[in-house]
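Biologist: I would like to learn how to read a structure, one feature at a time. Where shall we begin?

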Amino acid sequence: LSTSFTTNHASVLKKYTNNVIICYDSDSAGINSSKKVINILLNMGFNVKLVLLPLGLDPDEYYQKYGPASLKDYIDNNIIPLFSWKNAAMNIA
C-alpha cells in the first residue's frame, strides 16, 4: 500500500533494482499516493516510470478482470514520462 510506503521500503528495494514502475489507481487518491511514492523513490536515486490504469480500476481489479498477461501488456504499452504525468496529475488531484 502506498500509504505505508517509506524510505525503509525503498532501501530494501534498492538492494534489488534501481528501476521502478509505479502503477496505482487513476483516481485522486491514487494520484496523491503516486506523488508520495515517486518523491521518496526519486530522492533515493531510483529511475521511476509511471503507468495509469483506466479510471475506476485498481491494479488488482485489472489483474482479476483481464489476467496477468493483459496487465503486463498494458503496463508495457502505457508508460508515461514523469514530466507528462505531473502535468496530467495536476488536473486530477
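**Reading the fold, the sheet and a helix**

Modeller: With a crossover: β1, helix α2 (residues 28-43) and β2 form a β-α-β unit, and the unit is right-handed. To judge the hand, point the strands away from you; right-handed means that the path from the first strand over the helix to the second runs clockwise. Before we go on, note that this is a predicted model, where local features need pLDDT of at least 70 and side-chain atom pairs need pLDDT 80 or more, while totals for chains, interfaces and linings use all residues. Residues are numbered from 1 along each chain as its sequence is written, and side-chain values use heavy atoms, without hydrogens and water.

Biologist: How many helices and strands does the protein chain have?

Modeller: Elements are DSSP runs, numbered from the N terminus: helices are H or I with at least four residues, strands are E with at least two. Here the chain has five helices and three strands. Their order from the N terminus is α-β-α-β-α-α-β-α.

Biologist: Now the sheet. Which order do its strands take?

Modeller: Look for pairing: two strands pair if DSSP finds at least two bridges between them. The order is β1-β2-β3, in an open sheet of three strands with mixed pairing. β1 and β3 are the edge strands, each pairing on one side only.

Biologist: Which strands run parallel?

Modeller: β1 and β2 do, joined by four bridges. Asn19 has Asn47 of β2 as its bridge partner, and Ile22 has Leu50. β2 and β3 are antiparallel, over two bridges. There, Leu50 faces Ile80 of β3 and Val51 faces Ile79.

Biologist: Which residues of β1 lie on its covered face?

Modeller: Val20 and Ile22. Asn19 and Ile21 make up the uncovered face.

Biologist: How do I read burial? Is Ile31 buried or exposed?

Modeller: Ile31 has 0% relative accessibility, so Ile31 is buried. Ile31 sits in helix α2. Ile31 and Leu52 are 21 residues apart in sequence, with their C-alpha atoms 8.9 Å apart. For the whole chain, 32% of the 93 residues are buried.

Biologist: Helices next. Which residues of α4 are buried?

Modeller: First the general idea. An α-helix has 3.6 residues a turn, so residues three or four places apart point the same way. In α4 (residues 68-77), the buried residues are Leu71, Tyr74 and Ile75. Viewed down the axis of α4, they fall within an arc of 95 degrees, so they line one face of the helix. That arc uses the directions from the helix axis to the C-beta atoms. Ala69, Lys72 and Asn77 are exposed on the other side of α4.

Biologist: What do the buried residues of α4 pack against?

Modeller: Packing rests on contacts, meaning heavy atoms within 4.5 Å. The partners are β1 (19-22), β2 (47-51), α3 (59-66) and β3 (79-80). Across the chain, take contacts between residues at least 6 apart in sequence: 72% of them join residues at least 24 apart.

Biologist: Last, the aromatic rings. How many aromatic pairs are there?

Modeller: Rings of Phe, Tyr and Trp (its six-membered ring) pair if their centres lie within 6.5 Å; planes under 30 degrees apart are stacked, over 60 edge-to-face, and the rest tilted. By that rule there are two aromatic pairs. Tyr62 and Tyr66 are tilted, 4.7 Å from centre to centre with 50 degrees between the planes. Both lie in α3, four residues apart, about one turn of the helix. Tyr62 is buried at 7% relative accessibility, while Tyr66 is partly exposed at 43%. In the other pair, the ring centres of Tyr62 and Tyr74 are 5.3 Å apart with planes at 50 degrees, so this pair is tilted. Tyr62 in α3 and Tyr74 in α4 are 12 residues apart, so the pair links distant parts of the chain. Both Tyr62 and Tyr74 are buried.

Biologist: Which residues form the aromatic cluster?

Modeller: Tyr62, Tyr66 and Tyr74.

Note on methods
Buried means under 20% relative accessible area, exposed over 50%, partly exposed in between (1.4 Å probe, protein chains only).
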